[in-house]
Amino acid sequence: MDSHIQARIENSQTHIFKAVFPNTTNHYDTLFGGTALKLMDEASFICATRFSRKKVVTVSTDKIDFTEPIPQGTLVELIAKVIKVGNTSCVVQVDIFKENMYEEGRKKAVTGLFTFVAIDDDKNPVKIVDSKH
C-alpha cells in the first residue's frame, strides 16, 4: 500500500464517545444491539467519508460480534478505521470499547465490518481515492 493511502487511513481514523443511557438499552438494561449497529454505522460512515472525501453509501455489514454486554451507565468508545481499500470501495472496522464511569480499565465489547462505495451525484460508483492527490 502506498504511503499516500496509508496516510489517508491514519488521518481518517475516527473516535466517538457515548454514554449508555436508559433510552438506548433493552429489557436486560444493556445496550440494545440495534442501537450499537446504528452507532457503528455512523462511526464507519464518518471514517469512510474522511478517508475518501467523497459521497459514500453503506453497501454491506459483515461479522458483527457482540462479545460483551454493555450495561446502562457505561461509557463507550467507538473506533473506526479503514482496513481495506478497493477501486470504488473501502472496508471499515469498528470496535466498541466499554468502560465503567467510575473505574479504570476498558474492554472490547463489539466488533464489526462495514463496506462503503463512493458514488457520484447520479449514485454511480466512482474511484474512492483519486490518484492525483
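## The overall picture

How many helices and strands does the protein have? There are two helices and five strands, in a model that is predicted. If you follow the chain along its sequence, these elements come in the pattern α-β-α-β-β-β-β.

The C-alpha trace spans about 50 × 30 × 20 Å along its principal axes. Of the 133 residues, 39% count as buried. The accessible surface comes to about 7800 Å², and carbon and sulfur atoms account for 52% of that area. Let's also look at contacts along the chain. Among contacts with a separation of 6 or more, 70% are between residues 24 or more positions apart.

## The sheet

Now for the strands. The five of them form an open sheet in the order S1-S3-S4-S5-S2, with antiparallel pairing. Strands S1 and S2 (55-66) stand at the edges with a single partner strand each, so one side of each has no neighbour in the sheet. From one strand to the next, the twist averages 25°.

As background, strands of a sheet pair through backbone hydrogen bonds, and the pairing can be parallel or antiparallel.

## A closer look at H1

Which residues of helix H1 (residues 3-12) are buried? They are Ile5, Arg8, Ile9 and Ser12. Viewed down the axis of H1, these buried residues fall within an arc of 100°, so they line one face of the helix.

What do the buried residues of H1 pack against? Their partners are strand S1 (14-19), helix H2 (33-52) and strand S3 (74-85). On the face of H1 turned away from the buried side, you will find the exposed residues Ser3, Glu10 and Asn11. The start of H1 has a detail of its own: a side-chain oxygen of Asp2 comes to within 3.1 Å of the backbone nitrogen of His4.

## Two residues with positive phi

Finally, let's visit two backbone angles. Arg53 is found in the loop between H2 and S2. Its phi is near 55°, a positive value in a residue other than glycine. Is Arg53 buried or exposed? With a relative accessible area of 61%, Arg53 is exposed.

Where is Lys123 placed? Look in the segment after S5. Lys123 is not a glycine, yet it has a positive phi of about 65°. Lys123 counts as exposed, at 65% relative accessibility; the cut-off for that word is over 50%.

Terms used. Residues numbered from 1 in each chain as written. Predicted model: local features only at pLDDT ≥ 70, side-chain atom pairs only at ≥ 80, totals over all residues. Heavy atoms only, no water. Buried < 20%, exposed > 50% of the residue type's maximum accessible area, 1.4 Å probe, protein only. Helix = DSSP H or I, 4+ residues; strand = E, 2+ residues; numbered from the N terminus. Arc of directions from axis to C-beta. Contact = heavy atoms within 4.5 Å. Polar contact = N/O pair within 3.5 Å; in protein donor to acceptor, adjacent residues only side chain to side chain. Pairing = 2+ DSSP bridges. Axes fitted to C-alpha atoms, helices over the stretch in contact; angles between N-to-C directions. Areas by Shrake-Rupley, 256 points an atom, 1.4 Å probe, with all protein chains shown as cover.
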